[in-house]
Amino acid sequence: MDREFLADLFAPFGPVTIRRMFSGFGVSADGVTFALVIRDAIYLRTDADGAARFEAEGSRPFRYDTRTKTVTVGSYWLLPERLLDDPDELAEWARSAHAAAERAAFSKASKTRRGPKGKTAADSSKAPKRTTPAAARKVKAAVKTAVPAKKAKTTKSAAAKRSRAAR
């Protein structure tokens, strides 16, 4: 599958961005990747609610092998082949996949803003204390008034003194 084929396939969905990803392509809309194309197979993003729909179609989740095991990625499921011949229904499935990808992105973003166990960084006792502007000015003033350290003698000047003393 090439970019032109994918652009035509997802045309009823709307404008998409197709980028090289892994050994295939990622299909995105509005900056959110909702489909993967790997080894000439199209996988759509889904969540727990949508996985049943894929199972009912006889689809399977994306899987890949590592050296020691097979990893199943339950958030991407194989596009049912019958949808390749029905552009309108494919567009509906793509919209559903895009919505699932947006929900996952929103969930991920909200988790990164929160600390462990749902606490915000401000709630955590290990969170760094904020410096007030007044305290920052005091530190800045203290640094300016600090006495500069003596410069270490350079080897060049030490060598010059030794040569003068030897004369």
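In what order do the six strands form the open sheet? Let us walk through this structure point by point.

1. The order of the six strands is S1-S2-S3-S4-S6-S5, and their pairing is antiparallel. Strand S1 (17–21) and strand S5 (61–65) stand at the edges with a single partner strand each, so one side of each has no neighbour in the sheet. From one strand to the next, the twist averages 35 degrees. Please keep in mind that this is a predicted model.

2. Now for the chain as a whole. You can find five helices and six strands in it. Followed along the sequence, they give the pattern α-β-β-β-β-α-β-β-α-α-α. The chain has 167 residues, and 26% of them count as buried.

3. Strand S2 (residues 24–29) and strand S3 (residues 32–38) run antiparallel and are joined by five bridges. Phe 25 stands opposite Val 37 in S3, while Ala 29 has Val 32 in S3 as its bridge partner. The two strands form a hairpin with two residues between them. In that turn, Asp 30 has a positive phi of about 55 degrees.

4. S3 also pairs with S4, again in the antiparallel sense, over four bridges. Here Val 37 has Ile 42 in S4 as its bridge partner. S3 and S4 form a hairpin too, with two residues between them, and Arg 39 in the turn has a positive phi of about 50 degrees.

5. Why is S3 described as largely enclosed by the rest of the structure? Six of its seven residues are buried, a residue being called buried when its relative accessible area is under 20%.

6. Let us turn to the inside. In soluble globular proteins, nonpolar side chains tend to be buried together. The largest nonpolar core here has 25 residues, and those touching the most other members are Leu 6, Phe 10, Phe 34, Ile 42 and Leu 44. At least two residues of this core come from each of H1, S2, S3, strand S4 (41–45), helix H2 (48–56) and helix H3 (87–113). H3 gives the most, with six residues.

7. Met 1, Phe 5 and Leu 84 make a nonpolar surface patch of about 240 Å². Met 1 lies in the segment before helix H1 (3–9). With a relative accessible area of 33%, Met 1 is partly exposed.

Methods
Residues numbered from 1 in each chain as written. Predicted model: local features only at pLDDT ≥ 70, side-chain atom pairs only at ≥ 80, totals over all residues. Heavy atoms only, no water. Pairing = 2+ DSSP bridges. Axes fitted to C-alpha atoms, helices over the stretch in contact; angles between N-to-C directions. Patch = residues over 30% accessible without salt bridge, like charges linked within 9 Å, V, L, I, M, F, W, Y side chains within 5 Å. Areas by Shrake-Rupley, 256 points an atom, 1.4 Å probe, with all protein chains shown as cover. Salt bridge = Lys/Arg side-chain N within 4 Å of Asp/Glu carboxyl O. Buried < 20%, exposed > 50% of the residue type's maximum accessible area, 1.4 Å probe, protein only. Core = buried A, V, L, I, M, F, W, Y, C linked by side-chain atoms within 4.5 Å.
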